[in-house]
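Q: Please go through the terms used for this structure, setting each value against its definition before drawing a conclusion.

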Amino acid sequence: MPTVLDQIITGVREDLADRKSSAPLREVTARAADAAPALDARQALTGGRDDAEGVRIIAEVKRKSPSKGDLARIPDPARLAQAYQSGGASVLSVLTERRRFNGSLEDLDAVRSRVDIPVLRKDFMVDEYQFHEARAHGADLVLLIVAALDDYQLRDYLALTHELGMDALVEAHTEEEIRRAAEVGAGIVGVNTRNLKTLEVSPSHYQDMASHLPDHVVRVAESGVDGPGVVLDYARQGADAVLVGEALVKHGDPTAAVRDFREASLAKESS
């Protein structure tokens with residue numbers, strides 16, 4: 001029986017076929033070549049690993065999720081992104097998957113036009129076309145989900161990402177997936193505490209997996225953040241950055257929320 005991840009990818013491929021028919025690869029690669037150089041996402045997520053600044057926040061423009069349904073009306077994603085940046089977000093994540101997340105490349109365009117920090121195109125990347133498409137729309141970082149790719153795809157797509165000047169957030173959920181990410185040389189590794197095949201979330205899963213992360217990688221904790229306390233927990237477990245979506249889009253003051261999350265992580269050394 002197909003998993004939730006399988007079903008999402010099927011829809012992604014169908015939507016991708018429509019985009020390919022309207023914008024051939026040669027047009028997209030030309031646009032990607034003309035785009036401004038990508039910003040350095042790795043540097044933005046470490047900043048020299050200065051503990052005095054707390055963990056970095058990857059703040060997400062997220063309208064909907066498969067597990068929760070509609071999360072928030074976002075009439076102006078660029079304005080929301082500016083609010084995140086004002087609060088101290090280091091990277092912005094923009095959902096571009098349409099069917100399950102109600103995202104779009106138009107949202108990515110809007111955000112890119114208003115902020116000057118790195119932007120992650122968060123989607124299910126399963127075809128070379130999408131990488132050129134991401135760069136053409138100004139993405140600095142793309143998501144590679146280990147569970148969605150075989151070893152050859154993972155290695156080739158990471159290489160293509162770097163050839164295009166971007167970074168990749170390589171997402172893993174299990175010890176085996178972390179090993180696979182390390183073997184292809186991933187520099188930014190996210191541990192998703194949500195199982196994409198069942199959609200179940202367990203924030204404690206980050207701690208279970210953290211010991212398997214290579215020392216040199218940027219460590220990103222993903223999912224399960226419902227308040228500053230979870231950010232603090234992730235910081236104490238060694239995360240360099242935390243990706244937050246639902247808790248921010250549902251908050252009445254996204255600038256204050258990002259600031260509170262970062263400040264909460266500064267308490268990681270206290271008892």
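Q: Where is the place of T46?

A: T46 lies in helix 3, which spans residues 41-46; helices here are DSSP runs of H or I with at least four residues, strands are runs of E with at least two, and both are numbered from the N terminus. This is a predicted model, in which local features need pLDDT of at least 70 and side-chain atom pairs count only at pLDDT 80 or more, while totals for chains, interfaces and linings use all residues. Residues are numbered from 1 along each chain as its sequence is written, and side-chain values use heavy atoms, with hydrogens and water left out.

Q: Why is T46 called buried?

A: Buried means under 20% relative accessible area, exposed means over 50%, and partly exposed is in between, with a 1.4 Å probe and protein chains only. T46 has a relative accessible area of 10%, and therefore it counts as buried. Leaving aside its neighbours within four places in sequence, T46 is in contact (heavy atoms within 4.5 Å) with R56 and V218.

Q: What does the side chain of T46 reach, and at what distance?

A: The side chain of T46 reaches the backbone oxygen of R42 at 3.1 Å. A polar contact is a pair of N or O atoms within 3.5 Å; within protein, one must be able to donate a hydrogen and the other to accept it, and residues adjacent in sequence count only if both atoms are side-chain atoms. R42 is also placed in helix 3.

Q: Why is R42 called partly exposed?

A: The relative accessible area of R42 is 31%, so R42 is partly exposed.

Q: Why are helix 6 and helix 7 called roughly parallel?

A: The axes of helix 6 (residues 128-136) and helix 7 (residues 151-163) come within 10 Å and cross at roughly 25°. Such axes are lines fitted to C-alpha atoms, for helices over the stretch in contact, and the angles run from 0 to 180 degrees between N-to-C directions. Angles under 35 degrees count as roughly parallel, over 145 as roughly antiparallel, 65 to 115 as roughly perpendicular and the rest as oblique. The two helices, helix 6 and helix 7, are therefore roughly parallel to each other.

Q: Which residues of helix 6 and helix 7 meet?

A: From helix 6, E128, F131 and H132 meet Y157, L160 and T161 of helix 7. By class, this contact of helix 6 with helix 7 has three nonpolar, two polar and one charged residues, where Ala, Val, Leu, Ile, Met, Phe, Trp, Tyr, Cys and Pro count as nonpolar, Asp, Glu, Lys and Arg as charged, and the others, Gly among them, as polar.

Q: Why does R155 count as partly exposed?

A: R155, found in helix 7, has 43% relative accessibility, and so it counts as partly exposed. Not counting residues up to four places away in sequence, R155 touches E183 and V184.

Q: What is the phi of S223, and is S223 buried or exposed?

A: Phi of S223 is near 80°, a positive value in a residue other than glycine. Most residues other than glycine have a negative phi. S223 sits in the loop between strand 9 (218-222) and helix 10 (228-236), and its relative accessible area is 18%, so S223 is buried.

Q: Why is N102 called partly exposed?

A: N102, in the loop between strand 4 and helix 5, has a relative accessible area of 42% and is therefore partly exposed. Phi of N102 is near 55°, a positive value in a residue other than glycine.
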